Amino acid sequence: MAKNRHEEQGLSNDDALKIFETMLMARRIDERMWLLNRAGKIPFVISCQGQEATQVGAAYALDNTKDYIAPYYRDMGVVLHFGMTARELMLSAFAKAEDPNSGGRQMPGHFGQKKNRILTGSSPVTTQLPHAVGVALAAKIQKKDFITFVTLGEGSSNQGDFHEGLNFAGVHKLPCITLVENNKYAISVPYDRQVASKNVSDRAIGYGMPGVTVDGTDPLEVYKVVKEAADRARNGEGPSLIEAVSHRLTAHSSDDDHRQYRTAEDLAEGQAADPIGKFAAYLTELNILTEEIEKDLNDRIMKEVNEATDYAENAPYAAPEDALKYVYAEKDGGNA
């Protein structure tokens with residue numbers, strides 16, 4: 001019998017199943033988006049496959065009723081836990097008027113939803129880190145009971161925003177958690193051509209905060225370190241830098257062919273470490289995930305994905321006259 005590791009983290013069997021369900025939902029939405037792209041129905045996919053354990057394990061350690069998140073473009077698992085739905089994600093993929101992120105104006109993966117405290121992201125990588133730090137500063141100044149959580153890829157940890165944001169957070173001891181999702185490739189450039197240190201987390205000492213590297217294919221390990229960081233932040237002990245290492249199971253995006261720069265062995269290693277299969281095996285060994293429960297989960301998820309796909313495909317596009325809506329302030333009707 002497998003060791004019951006989730007209960008050691010204060011998680012119930014229902015919690016463990018919920019984590020698995022959200023991971024599976026992210027995977028099934030992502031898989032459907034690739035099919036839609038290849039069928040010529042949606043223009044672009046930037047995938048979360050291989051990183052679901054990192055995303056959902058981390059998000060589950062936060063308070064999705066009050067914390068603020070600044071996700072990067074792969075973070076489907078994070079935004080699902082914070083309240084975004086399969087329908088909303090599909091509306092974004094189809095660039096329809098009801099897309100909550102941007103009304104169909106932005107590329108997929110540019111998440112933003114005020115009601116769920118998802119800070120709007122943009123295409124330049126790592127610009128979301130100073131934003132998250134700024135919101136954490138507001139929490140400290142206003143003495144509000146929330147923390148911020150920001151994610152990015154390991155390649156963009158070399159941007160100036162990374163240094164400036166973490167340095168500011170460290171100096172002012174802000175309640176901000178930075179999670180680097182290290183999938184070993186910045187598009188086609190491998191880790192050892194991006195970062196000189198063994199781990200991205202080794203940089204934390206320069207910013208006066210703890211840094212830790214964790215197995216990003218294990219949601220319980222990610223949950224543990226993010227929960228510890230969240231507790232520190234809520235107790236006024238300042239920021240943390242976490243690096244979760246996983247494998248990117250797809251090409252960088254639907255416009256990329258990773259077979260041009262990755263070996264067959266590399267790709268096989270990633271498939272063997274697929275977090276969906278690993279966590280399913282753990283839950284099955286504990287008899288938490290049975291064949292019946294897994295079938296029910298898959299059926300419910302696929303029903304939701306199918307309904308989301310149909311709804312988004314048939315939803316209206318934004319009206320041409322609305323092209324500048326939300327871009328400039330409106331003077332009439334008191335909307336300025």
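Here are legends for a few close-up views of this structure. It is a predicted model, where local features need pLDDT of at least 70, side-chain atom pairs count only at pLDDT 80 or more, and totals for chains, interfaces and linings use all residues. Residues are numbered from 1 along each chain as its sequence is written, and side-chain values use heavy atoms, with hydrogens and water left out.

**View 1. The open sheet has five strands.** Its order is E1-E2-E3-E7-E6, with parallel pairing; strands (E, at least two residues) and helices (H or I, at least four) are DSSP runs, numbered from the N terminus. Two strands pair if DSSP finds at least two bridges between them. E1 (68-70) and E6 (211-215) sit at the edges with a single partner strand each, so one side of each has no neighbour in the sheet. From one strand to the next, the twist averages 20°.

**View 2. E2 and E3 run parallel.** Six bridges join E2 (residues 148-153) to E3 (residues 176-182). Look for Leu-152, which stands opposite Val-180 in E3.

**View 3. Helix H7 lies across E2, E3 and E7.** H7 covers residues 160-172 and E7 covers 240-245, and H7 runs at about 150° to E3. Angles run from 0 to 180 degrees between N-to-C directions, with axes as lines fitted to C-alpha atoms, for helices over the stretch in contact. Contact means heavy atoms within 4.5 Å. Helix H8 (residues 219-234) packs on the sheet too, touching E3, E6 and E7.

**View 4. H5 packs against H11.** The axes of H5 (residues 86-93) and H11 (residues 291-314) are 8 Å apart, at an angle of about 40°. Ala-86, Arg-87, Met-90 and Leu-91 in H5 meet H11 residues including Glu-304, Val-305 and Tyr-311.
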